[in-house]
Amino acid sequence: MPVPVILTGRTVRLEPLAAHHAEAIAEAGAEDRTTYAFTPVPHGLEAARDYIARALADQAAGRSLPFATVSVADGRVVGSTRFLELDYWQGPLVWPPVPGVPFGDPATAVPDAAEIGNTWLSPRAQGTGINTEAKLLMLRHAFETWGVQRISLRADARNLRSRAAIERLGATSEGVRRAHSRGLDGVVRSTAFYSILDSEWPAVRDIIELRIAAATSPSAPDPAINQECLRHGGSGTGHLITA
């Protein structure tokens with residue numbers, strides 16, 4: 001199974017989620033909960049401890065790799081994200097397939113496909129570029145260290161903010177699965193699915209790096225970013241990534 005790893009960028013550090021993050025996770029989740037309509041975010045210290053315990057249980061079972069999202073500027077935990085839906089395609093072909101079970105030694109196996117999800121940020125971190133760089137770090141690790149064939153992302157179809165953020169990364173829409181699951185609000189939700197393939201990663205990486213560069217150089221003209229996005233097949237318009 002994938003081993004925990006620290007991923008560090010200019011504005012964000014992704015640390016393996018651990019029990020000692022509980023108080024900081026609770027603090028980040030309590031700032032302003034009005035932006036959490038579609039995402040499960042722990043409320044209070046006991047909820048944060050339970051959130052972490054469940055995440056670590058999933059990690060121990062080989063189902064996910066969770067992170068605490070830390071702002072480099074002040075060292076504060078500002079949210080969480082994770083790899084999940086880990087899948088392995090190596091070894092002899094077995095039918096029906098058994099998803100999530102690696103061939104060979106589980107301690108050294110790396111996935112061939114995964115999903116990035118369960119992402120939330122405190123209001124203080126939204127709109128700062130932390131989300132964009134965190135996604136870059138995770139995608140780079142998945143494609144360039146693990147060598148995955150595919151990364152998936154999803155969002156409640158009603159969550160236009162998250163969908164815009166995913167689309168601005170350069171991910172390809174795979175459509176909306178209607179009445180897919182029960183939403184956080186109890187309503188049966190439809191889910192928008194997206195993906196990035198290994199063959200698409202270099203172009204997607206260029207898009208994200210251009211966006212990060214523009215954020216650090218306010219004088220850089222937006223049209224240049226739009227033209228680069230269009231050249232790679234991405235969208236030249238839309239909302240900024242904020243969550």
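Mentor: Begin with a salt bridge, meaning a side-chain nitrogen of Lys or Arg within 4 Å of a carboxyl oxygen of Asp or Glu. The side chains of glutamate 27 and arginine 76 form one, at 2.7 Å from N to O.

Trainee: Where do glutamate 27 and arginine 76 lie?

Mentor: Glutamate 27 is in helix α1 (residues 22-29), and arginine 76 is in the loop between β3 (64-71) and β4, so the pair ties together parts 49 residues apart in sequence. Helices (H or I, at least four residues) and strands (E, at least two) are DSSP runs, numbered from the N terminus.

Trainee: What should I know about the source of all this?

Mentor: This is a predicted model, in which local features need pLDDT of at least 70 and side-chain atom pairs count only at pLDDT 80 or more, while totals for chains, interfaces and linings use all residues. Residues are numbered from 1 along each chain as its sequence is written, and side-chain values use heavy atoms, with hydrogens and water left out.

Trainee: Back to the pair. How accessible is glutamate 27?

Mentor: Glutamate 27 has 45% relative accessibility, so it counts as partly exposed. Arginine 76 is also partly exposed, with a relative accessible area of 29%. Buried means under 20% relative accessible area, exposed means over 50%, and partly exposed is in between (1.4 Å probe, protein chains only).

Trainee: How many salt bridges does the rule give?

Mentor: The count comes to 13. Another one joins aspartate 185 and arginine 158, whose closest N and O atoms are 2.8 Å apart. Aspartate 185 lies in the loop between β7 (172-182) and β8 (188-197), and arginine 158 in the loop between β6 (150-156) and α4 (160-169), so this pair links parts 27 residues apart in sequence.

Trainee: Which residues are linked with them in a network?

Mentor: The network of salt bridges consists of Asp156, Arg158, Asp185 and Arg189.

Trainee: New topic. Is glutamate 115 buried or exposed?

Mentor: Glutamate 115 is buried, because its relative accessibility is 7%. This residue is found in strand β5.

Trainee: What does its side chain make a polar contact with?

Mentor: The partner is the side chain of arginine 154, at 3.0 Å. A polar contact is a pair of N or O atoms within 3.5 Å; within protein, one must be able to donate a hydrogen and the other to accept it, and residues adjacent in sequence count only if both atoms are side-chain atoms.

Trainee: And the nonpolar core? Which residues touch the most other members?

Mentor: In the largest nonpolar core, of 37 residues, they are Leu14, Phe83, Leu139, Ile151 and Leu153. Helix α3 (residues 130-146) gives the most to this core, nine residues. Such a core is a set of buried Ala, Val, Leu, Ile, Met, Phe, Trp, Tyr and Cys residues joined through side-chain atoms within 4.5 Å.

Trainee: What does leucine 14 contact?

Mentor: Leaving aside neighbours within four places in sequence, its contacts (heavy atoms within 4.5 Å) include Phe67, Ala134, Leu137 and Met138. Apart from that core lies another, of 15 residues, among them Leu17, Tyr36, Ala55 and Val77.

Trainee: Last one. Where does valine 94 lie?

Mentor: Valine 94 is in the loop between β4 (77-87) and β5 (113-121). At 47% relative accessibility, valine 94 counts as partly exposed.
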